[in-house]
Amino acid sequence: MSRIFKSILSQSFFILSLTVASAGQSRAQTITIPIETAHNAVVLQADENKNLKNIFLGKKLSDAHEYDFIKGVYKQAEDYSGLLNSAYTPSGSRNLVEPAISVIHADGNMSLDLRYVSHKSIHLNDNVSLFTVLLKDPVYNFEVTLYYKSYYKEDVIEQWNVIKHHEKDNITLQKFASANLYLKAQSYWLTQFHGDWAKEMQPEESRLTHGIKTLDTKLGTRANLFMPSVFMISLDKPASEDEGNILYGALEWSGNFKIDFELDFQDNLRIIAGMNNYASPYILKPGEEFATPPFLYTFSDKGKGDASRKLQSWARNYKLLDGKGNRLTLLNNWESTFFDFNEKKLGELLKDTKKLGVDLFLLDDGWFGNKNPRNDDHAGLGDWQENRKKLPNGITSLVKEADANGVKFGIWIEPEMVNPKSDLYTKHPDWVVKQPNRAEYYFRNQLVLDLSNPKVQDFVYDIVDSLFIKAPSLAYIKWDCNAVIYNAYSVHLKNNQSQFYVEYVRGLYKVLERIRAKYPTVPLMLCSGGGGRVDYGALQYFTEFWPSDNTDPLERIFIQWDYSYFYPSIASSNHVTDWGKQPIKFRTDVAMMGKLGFDIVVSELKANDLKFCQDAVKAYDTLKQVIWQGDQYRLVNPHEQNMASLMYVDSTQSTAVMFNYLVNYRYGESSKTPIQLKGLNKNKKYLLEEINLYPDTKSALKNERIFSGDFLMNIGFNPEVNTNRTSVIVKITDIK
Ligand code: DGJ
């Protein structure tokens, strides 16, 4: 039983409540800290003993003072430790479950207790606030500050911690999660993603059972090859596109991560997410700060679509580099030439770039290395000098030639890597990640450079910097990362080997920071042998990512669909290639649902195919703003039906574009029923036109194509997709 009185302190918006524990016990204060966004709240509470607890995460209440009653209405027994819903679970004291942090103190003791000391909040601007809560161990001079950065409009929270101590000597951090959440529901449904090369983002949904389910990676670089850190948790039942309570989460970290989902003995879900502590005990000196990367999450009570739109808009507004800016359409030469090109061939490709009508030519792998020329993937990585045979006049002359052709020029690099057959490897074997006393083991015939070493950081920075110094109008960089880390060992880290995985990623970010300080907006594509490294830690430095080397458009519909839950279309580099059996129209239509590019032999296109592509580039130009910045609605799920349908609607609900594809080519398959559109204004009238038609074909859509938003969203519209019309794009414009 408790009697509560409250006081809201202006800025920090926290509630002090006086709790009478029970007769005979002394009065003690609890402190409730609601962190609210437009629709949601995360509520922390320091109990009478100053244990900081998660008491709520979900749709916010209209009266914030009522959060205090939540505990009382759940009739749950004592949890033996008083720590089950800890906001940051320490280990070695009373804790009985998975900890968020564990430590070996300077005296060798392994117990930790963390108690609330103070908290504050700062409004960084109208939309963004930063809450901090300081926790201290009553016995050891050890503290953790929890950070909660809230984005009000987007309902997104980023959570991280800074760990610090003033013990007599170094301590060892054995676990150091970024966030420790706590959810209450009848059941929990996890949607996770797995994959491999050319099979990125394969979804799987399962009901969580008691115990711990872990999502993690130990690959070091190319960390998402088998698994990204993005996930969804649906509460009570699997959420659908427009219905259900759902939490989306992801770690902003480009290295090893670990996310534990522990369904505890009281049937609540504990989520502990952070860098992976695998092989990574971290030595922390007195006074030194250890900052964990942010873990981000959003919650929706309206299903997956709403959660996605919030995350996509947060990414464009705050995280993705230049998320509101422009992007360049391009022609890439990887699939058309591989390593086999010279100046003459590239000269022709520059002309083709112009002919196609795209903005930029992107020169891929194979342009460097002399003693060990990069003529295949066995040699040359690390030697970033133009190959004199292929490019006797160097990059500068290619950039000039591009300019003369009226197109921009971009270039591929893989600066974190080295082939053993390279000058770099011979000169700096100590820069290479490998065990001193074991045989080397390769991934794509290459090894990883030790980015924990500041000299290697300088080297990698200089690769980029010298390209821009040499060719200031260089307009684009594709940054690849094809190898994972085997035999993790850093000469530079000497006796601190267990810090390698953490320091590698920190080193990478230091380089990217420096690049962005000097070249703030030049487009950089985040590539990793396909989508082996796609995360918001990296995307704050990159303008776009390469989802997969699999560009078969049928496969891409699925891959792009699944990325779209977490990432906005402006970040997704989609190239038209010769993968797959679909016609050029299908391939192009699929690539248009993001950042359009081509990787085909333009000179070999049939006249009508070329004309189609040229017209498509022009059409894309008129639609790209709504695709990039509009709200995305997933209409028909290809995992469930014979079709995929998606649409993008601009913020004024005046223009929209709907993409429809047949994904099952069996006899008679078609869009048999109308598809209900979403996100339009029900009171407006809209004109629907099929666009991107192949030359000399007519739309099968009827003439009567003006409908109210109300009609389109309730009854729907049939784009008439069938085996003869496998891909249909419909432009939707309001009529005044
Ligand atoms: C892997 C990338 O995903 C491809 O697009 C291409 O750039 C190759 N690397 C080049 O080696």
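Predicted model: local features only at pLDDT ≥ 70, side-chain atom pairs only at ≥ 80, totals over all residues.
The structure contains 42 aromatic pairs. In one of them, the ring centres of Trp479 and Phe542 are 6.1 Å apart and the ring planes stand at 90 degrees, so the pair is classed as edge-to-face, given that angles over 60 degrees fall in that class. Trp479 belongs to strand E26 (residues 476-479), whereas Phe542 is found in the loop between helix H9 (536-539) and strand E28 (544-545); the pair therefore ties together parts that are 63 residues apart in sequence. Trp479 and Phe542 are both buried. Elsewhere, one aromatic cluster is formed by Tyr151, Trp314, Tyr318, Tyr536, Phe545, Tyr563 and Tyr567.

Two lysine side chains are placed over aromatic rings. Lys390 has its charged end over the ring of Phe341, at 4.9 Å from the ring centre. For Lys478, the charged end sits over the ring of Trp546, and the distance to the ring centre is 5.6 Å.

Strands E26 and E28 also take part in an open sheet of eight strands, whose order is E28-E27-E26-E23-E22-E21-E30-E29. The pairing in this sheet is parallel. In general, the strands of a sheet pair through backbone hydrogen bonds. E28 and strand E29 (573-576) are the edge strands, each pairing on one side only. The pairing of E29 with strand E30 (residues 595-598) is in the parallel sense and runs over four bridges. Ser573 stands opposite Lys595, a residue of E30.

Conventions
Residues numbered from 1 in each chain as written. Heavy atoms only, no water. Phe/Tyr/Trp six-rings, centres within 6.5 Å; stacked < 30°, edge-to-face > 60°. Helix = DSSP H or I, 4+ residues; strand = E, 2+ residues; numbered from the N terminus. Buried < 20%, exposed > 50% of the residue type's maximum accessible area, 1.4 Å probe, protein only. Lys NZ or Arg CZ within 6 Å of the ring centre and 35° of its normal. Pairing = 2+ DSSP bridges.
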